[in-house]
Amino acid sequence: MARHFAAAPPQVACLQGVLDYYNAGTNWLTRCFTIEYAAWFRVVLPGLARLGLVVPLGGTTLFFRRSVLEALGAWDAHNVTEDADLGLRLARHGYTTALIPTLTMEEANGRAWPWVKQRARWLKGYAVTYGVHMRNPVRLLRDLGLWQFIGVQVLFLGTLSLFALMPLFWSLWLIPLGVAHPLHGWLSAGAFRAMTYAFIAAEALALLVNLVGLHKAGRLRLWGWALTLPVYFPLGTLAAYRGLAELATRPFYWDKTAHGVVLTGLKPPANLPPRPLPHPVSAA
């Protein structure tokens, strides 16, 4: 890490490693969680970096220039997704994050309700982060610039809106089944078709991103399970509703996740070498 920092420009204040799961074989939930992490850390975050957008940090395998971290006040103790908030604060002060090809293996949450509670905390933290930084949107725009400001809207507000409105998107699957959709009376035929095609295209793109992530992670054998993700992500909607409810009632509550409960599939795979990422790239 010291070598990375020594070779990096001074504005690189953080190094973010790759996270993966060693218990993907435990059950269906851990397989889907593994696919999601493969896409996030090997496709989405590098994509944000290359586009020059804000990189929301993962809570593990992070390395900082201590002087910068202390100057920014370190972590926000009242934010339950403090890593994502810190990534945004780094960007606001002109610092960047570099992605490095080091791999950390974690335990995937293999139980449905604890998964919902864990994801609710993450989404609540996204909402807190967005609310805190958008208290003065003009200043945020000035700090980040238009491109990164738009990226923040898409990443934070878009993520929350996607999970909260997902039942509406799922209802579009009624159309291929020949069931009349309630929106038929509100939209023109052309607008309705365009929205349907956009939904199908988005689903296809999401599948492609997940498959690319699995390929980069050396886990392409899980490709068939990627087809079940439309059944997996409804849990995220439950988590979003829980997180938003907690935002109003107990915004600082940290719902801890118990680990070591699922007793199968915990042995790290012996044949899973880390796939090198491209040369470290930076993003604010």
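Axes are lines fitted to C-alpha atoms, for helices over the stretch in contact, and angles between N-to-C directions run from 0 to 180 degrees. Helices (H or I, at least four residues) and strands (E, at least two) are DSSP runs, numbered from the N terminus. The model is predicted: local features need pLDDT of at least 70 and side-chain atom pairs count only at pLDDT 80 or more, while totals for chains, interfaces and linings use all residues. Residues are numbered from 1 along each chain as its sequence is written, and side-chain values use heavy atoms, with hydrogens and water left out.

Helix H6 (residues 137–144) and helix H7 (residues 146–164) pack at an angle of about 125 degrees. Their axes lie 6 Å apart. H6 and H7 are therefore oblique to each other; angles under 35 degrees count as roughly parallel, over 145 as roughly antiparallel, 65 to 115 as roughly perpendicular and the rest as oblique. The crossing of H6 and H7 is right-handed. A crossing is right-handed if the near helix is turned clockwise from the far one by less than a right angle, and left-handed if anticlockwise. Pro-137, Leu-140, Leu-141 and Leu-144 of H6 make the contact (heavy atoms within 4.5 Å) with Leu-146, Gln-148, Phe-149 and Val-152 of H7. By class, the residues in the contact of H6 with H7 are 7 nonpolar, 1 polar and no charged. Ala, Val, Leu, Ile, Met, Phe, Trp, Tyr, Cys and Pro count as nonpolar, Asp, Glu, Lys and Arg as charged, and the others, Gly among them, as polar.

The contact of H2 with H5 has 8 nonpolar, 1 polar and 2 charged residues.

Thr-61 has a positive phi, near 60 degrees, and is not a glycine. Ala-74 lies in the loop between helix H3 (66–71) and helix H4 (82–92). At 24%, Ala-74 is partly exposed.

Mean pLDDT (the predictor's confidence in each residue, from 0 to 100) is 87 for the chain. Confidence is highest in H6, at 97, and lowest in strand E4 (residues 282–283), at a mean of 39.

Notes
Buried means under 20% relative accessible area, exposed over 50%, partly exposed in between (1.4 Å probe, protein chains only).
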